[in-house]
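Please work through the following exercises with the sequence and the model at hand. Each task is followed by a solution in steps.

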Number of protein chains: 4
Amino acid sequence: MQYRETKIRVRFNEVDQWGMVWHGHYISYFEIGRIDLARGFGLTPTDFVKMGYTAPVVELKCNYKEPARNDEELIIRTTLEKPTKAALTFKYQIVRKGDKKLLVEGETTQVLLDKKGELVLIIPEEIKKKIDELLVYLDK
Amino acid sequence: MQYRETKIRVRFNEVDQWGMVWHGHYISYFEIGRIDLARGFGLTPTDFVKMGYTAPVVELKCNYKEPARNDEELIIRTTLEKPTKAALTFKYQIVRKGDKKLLVEGETTQVLLDKKGELVLIIPEEIKKKIDELLVYLDK
Amino acid sequence: MQYRETKIRVRFNEVDQWGMVWHGHYISYFEIGRIDLARGFGLTPTDFVKMGYTAPVVELKCNYKEPARNDEELIIRTTLEKPTKAALTFKYQIVRKGDKKLLVEGETTQVLLDKKGELVLIIPEEIKKKIDELLVYLDK
Amino acid sequence: MQYRETKIRVRFNEVDQWGMVWHGHYISYFEIGRIDLARGFGLTPTDFVKMGYTAPVVELKCNYKEPARNDEELIIRTTLEKPTKAALTFKYQIVRKGDKKLLVEGETTQVLLDKKGELVLIIPEEIKKKIDELLVYLDK
C-alpha cells in the first residue's frame, strides 16, 4: 500500500458562503491524515515531545482542483517521502469518497527542533528507525 | 464606563453557507473581548499561568438575536461581574458597529485551578487585587 | 435508545496551549452530533433549505466538567427534546470513549425562519412528521 | 507603497499546545490581508459575486520561518502580482509588529469562475480596471 487512507466527513462550519469547503480547512485535513499515518509508528506531535523534539511545519503547498461540499465524505490519502535530509515531507490527496474524484493535493515539510529550539541536522537514530518502519508499511 | 469595547471585523472564513457568522465563532469573539479587558490588569491566560494557575471556562451561555454578516465591523462589549465566590463571570454583548444593533449576548464563567489541577476555593489575594482594579475601571 | 452516539477524535489544532480542547470547539462537536442524528430523518441544514426554511441556533448552553485532550477519542451523545413550541432543542453529552467519563454537557435551541427571514410560529406539517419519526427512533 | 499593511493580534484559540500559532491559521491571516487590500478597489469575494463571478483559490504556498506567539501583534503585508494570465496572485509577509521580524511568507493564486462554474479565460474589462487601479495604488 502506497498511502494511508483516512475517512472524514465535511463539517457544516467548514463550508463558506459559496457552499464550498473554505480552502484553509484542507490544512487541517492534511494534518488528520498525517497523524493517522504517524500514530502507529510513534511519530505524532505528542511522540516527538516525549522524545525531546518538536516537528514544526516549515513549508506547505496546496493545489485545489474541485471543491468539497457540505456533509460530503472524503478520503485523505497520505504518504511520506523517503527523507534525503533531516526533514519529513508528507504528501496528500483529498478525494471524494463517492466517485474517487481528486479534489485537492498538497504537501507539508517538517523539520526537527531540539529542546533548545535548535534545528536538528541529522535525524536521530530513534526517529530514523520509526521512519524506516513507516516506509516499509508504505512499501517504499 | 460599564464595559470595555473592542472592535473586530467578521472574517470571510467565519461565515457559513447561509451567509451568517457561524454561531460557534461568537465564543471566539467573547474571548477576544475578555482578553482585551483583562490585558491591562494582568488577568490574561498567560498571566494566570505566571501566577501558578489556569482559569478554564466551566460554563457558557449565548443568546443569538440577529446574525452578523461577512466583513461587518462589530463591537464586543465586555464586563466582569463582581465575584461572589471563587469564580470569574464575564458578560458580553456583540453589537453591529454601524447601527449599534445588539446581535448576540452571552456570558462565561471561569474557575481557578492550581498547578496540581485542584479547584481553588478562595481567590488568592494577588488575583483579588487585580480583579478589584478591573472593577474600579468598570466603575463597579 | 435515548440518544444517538457519534464517535470523533480530537484534532491537534483543536487543543490550546494549556493542552486542553479549546472550549469553543465543543460547539462544533455538538453540531456534528446534531447533524448525525438529523441526517437520517431529513432534518439537516441542507434539508431545511430544500423545504424553504433555515433553522438558526438562537440559544446555546454549555457546561464543562473535564477537559478532553489531544488525539482522544470521544463520543457525542445527542438527543432531541419533545417540542412544546415552534423550536428544536437538542441536548448533548460529550464523553471520553475509553472510560465513558462525562466531559461536557450542553444544549442548543433552533427556531425556523421562512424564506423572508420571518419567524415560523407553528412547525409546518412536513417538518413535524420528520421530528415525530426522529422522536420514535429516540424512543420518546 | 509596495504592499498594504494590516494589523492583527494573535487570538488565544489560534495557538497550539506547543505555544505557537498553528500553521493553518496563517491561511486565514493571508485572507485578512488580501481582503483588506481588495476592499478599496471592489475586489472582495462579495464584489466578485455582485459582478457574476467567484474567485476560488487554486494554489497556495507557505513558508514558515519563526512562530508567532499568543497575543502577539502582527503585521500582514499584502501585494498583488501584475497578472500575466486570467489569474490573481497575491503575495504575503507576516511580520512581528515589535521587531519587524519576518515570520511567514506565502502566496495564493485565484482564478475566476462564471455563474455556470466555467473557468474565465480572459479577465473581464470591469475587473481588469479594478486590478489596474489596485496596481497603481501599489505603485506597480
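The exercises below concern a predicted model and treat a single residue before turning to an interface between chains.

**Exercise 1.** Determine where B:Thr54 is placed in chain B, and decide whether B:Thr54 is buried, partly exposed or exposed.

*Solution.*
Step 1. Chain B has a loop between helix H2 (45-50) and strand E2 (57-64), and B:Thr54 is found in this loop.
Step 2. The count of C-beta neighbours inside 10 Å is 18 for B:Thr54.
Step 3. A buried residue needs 20 or more, and an exposed one has 12 or fewer. B:Thr54 therefore counts as partly exposed.

**Exercise 2.** Which residues does B:Thr54 touch, if those up to four places away in sequence are not counted?

*Solution.*
Step 1. Within chain B, the residues touched by B:Thr54 are B:Phe48, B:Val49 and B:Leu113.
Step 2. From chain C, C:Trp18 is also touched by B:Thr54.
Step 3. As for B:Thr78, 24 residues apart from B:Thr54 along the chain, the two C-alpha atoms are separated by 21 Å.

**Exercise 3.** Describe the side of chain C that touches chain B, and state how E2(B) and E2(C) run.

*Solution.*
Step 1. The contact involves 17 residues of chain C and 17 residues of chain B.
Step 2. On the chain C side, helix H1 (25-39) and strand E2 (57-64) each supply at least two residues. E2(C) gives the most, with 8 residues.
Step 3. Sorted by class, this side of chain C has 10 nonpolar, 5 polar and 2 charged residues.
Step 4. E2(B) and E2(C) run antiparallel and are joined by 5 bridges. Opposite B:Cys62 stands C:Leu60 in E2(C).

Definitions and conventions: Residues numbered from 1 in each chain as written. Chains lettered and ligands numbered in written order. Predicted model: local features only at pLDDT ≥ 70, side-chain atom pairs only at ≥ 80, totals over all residues. Helix = DSSP H or I, 4+ residues; strand = E, 2+ residues; numbered from the N terminus. Contact = placed C-beta atoms within 7 Å. Nonpolar A, V, L, I, M, F, W, Y, C, P; charged D, E, K, R; others polar. Pairing = 2+ DSSP bridges.
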